[in-house]
Amino acid sequence: MLAGLTNTLGVSLPIRRNNTGGYDMIRDYAHLTDQNLKSLILTSPGERFDTEYGVGLKRYLFELMVPSVFQSFKSELMRQQQIYIPYIKIINVEFVTSDSNPNLSENYLGIKIAYYSTITRSNRDMEVIQLV
């Protein structure tokens, strides 16, 4: 086994060099699951070898911020998660906008996801993205 790679689960994204000449690595399942979920959301279908993989957040960016668009995104996320990350259960998807928080800029969009991991047997909250 290569030195320094014991107890690693994968490369942390975005790829960054660490101070030992290697790369930052993921060493726990909580962070690996966060990375997998974020990757699923940000990847557009057809961008990888599996042409069905990915929610494709980009295609929702220039839509009106209305409940039907949020529901469409959430439905696609739930469908994709069941296929590609079946070891988690999404509990809640929250869209944060200036409508829900008047202190935010008019064009702000944040997505927060709460999920339960059957691997770590714990609940996790993650903020997927903030767009201003």
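Which residues form one aromatic cluster? I looked this up in what is a predicted model, and the cluster is Tyr60, Phe70, Phe73 and Phe95.

**Entry 1: aromatic pairs.** I searched the whole structure and got 4 aromatic pairs. I started with tyrosine 60 and phenylalanine 73, which pair edge-to-face, with 5.4 Å centre to centre and 90° between the planes. Tyrosine 60 is in the loop between helix 1 (29-42) and helix 2 (67-84), and phenylalanine 73 is in helix 2, so this pair ties together parts that are 13 residues apart in sequence. Both tyrosine 60 and phenylalanine 73 come out buried.

Next I took phenylalanine 73 with phenylalanine 95: edge-to-face again, at 5.7 Å centre to centre and 75° between the planes. Phenylalanine 95 belongs to strand 3 (residues 88-97) while phenylalanine 73 sits in helix 2, so here the parts tied together are 22 residues apart in sequence.

**Entry 2: burial.** Phenylalanine 73 has 2% relative accessibility and counts as buried. Phenylalanine 95 has a relative accessible area of 16%; it is buried because the cut-off is under 20%.

**Entry 3: the surface.** Then I went looking for nonpolar surface. I found a patch of about 370 Å², made by Val11, Leu13, Ile15 and Tyr23. Leucine 13 is in the loop between strand 1 (10-11) and strand 2 (25-26), and I noted it as partly exposed, at 49% relative accessible area.

Key:
Residues are numbered from 1 along each chain as its sequence is written. This is a predicted model: local features need pLDDT of at least 70, side-chain atom pairs count only at pLDDT 80 or more; totals for chains, interfaces and linings use all residues. Side-chain values use heavy atoms; hydrogens and water are left out. Patches are made of residues with over 30% relative accessible area and no salt bridge: like charges are joined within 9 Å, nonpolar side chains (Val, Leu, Ile, Met, Phe, Trp, Tyr) within 5 Å. Accessible areas come from the Shrake-Rupley method with a 1.4 Å probe; for residues, only the protein chains shown count as cover. A salt bridge is a side-chain nitrogen of Lys or Arg within 4 Å of a carboxyl oxygen of Asp or Glu. Helices (H or I, at least four residues) and strands (E, at least two) are DSSP runs, numbered from the N terminus. Buried means under 20% relative accessible area, exposed over 50%, partly exposed in between (1.4 Å probe, protein chains only). Rings of Phe, Tyr and Trp (its six-membered ring) pair if their centres lie within 6.5 Å; planes under 30 degrees apart count as stacked, over 60 as edge-to-face and the rest as tilted.
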